[in-house]
Amino acid sequence: QVQLVESGGGLVQAGDSLRLSCAASGRTFSDYSVGWFRQAPGKEREFVGDINRSDGATYYVDFAKGRFAISRDNAKNTVYLQMNSLKPEDTAVYYCAADRTGLNTYRYWGQGTQVTVSS
């Protein structure tokens, strides 16, 4: 069993940066691939990107490429989502998830952290 806790969200202005953290407890985090998702009000949850457990390779969807970066610190059992050049359309609840079991399907989920970007 793995427990995930996101933090680092908040209210920022367009163009600002935020770094979200996803801290894990219960199992060694390095055993899992970790993904980030987001859900805006009235919209379905969407995939942002992920980081492999084996080689640390990352993958991003188009809206995240060049602006967002995922990294991990296995010693701290933490994965990060660095978000730069934030836009109002990035406003959403951001979730991390661990232990990928299929396409955009993960076994463990955090509770989410709110990111609000004002124009």
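This is a predicted model: local features need pLDDT of at least 70, side-chain atom pairs count only at pLDDT 80 or more; totals for chains, interfaces and linings use all residues.
Residues are numbered from 1 along each chain as its sequence is written, and side-chain values use heavy atoms, with hydrogens and water left out.

Me: Why is Arg38 called buried?
Reply: Buried means under 20% relative accessible area, exposed means over 50%, and partly exposed is in between (1.4 Å probe, protein chains only). Arg38 comes in at 7%, so it counts as buried.

Me: And what makes Glu46 count the way it does?
Reply: Glu46 has 32% relative accessibility, so it's partly exposed.

Me: How do you know that Arg38 and Glu46 form a salt bridge?
Reply: You need a side-chain nitrogen of Lys or Arg within 4 Å of a carboxyl oxygen of Asp or Glu. Here N to O is 2.7 Å, so the pair qualifies.

Me: What makes Arg38 and Asp90 a salt bridge?
Reply: Same rule: their N to O distance is 2.9 Å, so they pass. Arg38 lies in strand β4 and Asp90 in the loop between β8 and β9, so this pair ties together parts 52 residues apart in sequence. (Strands are DSSP runs of E, at least two residues, numbered from the N terminus.)

Me: Why do β4 and β5 count as paired?
Reply: Pairing takes at least two DSSP bridges between two strands. β4 and β5 have 5, in the antiparallel sense, so they pair.

Technical notes:
Helices (H or I, at least four residues) and strands (E, at least two) are DSSP runs, numbered from the N terminus.
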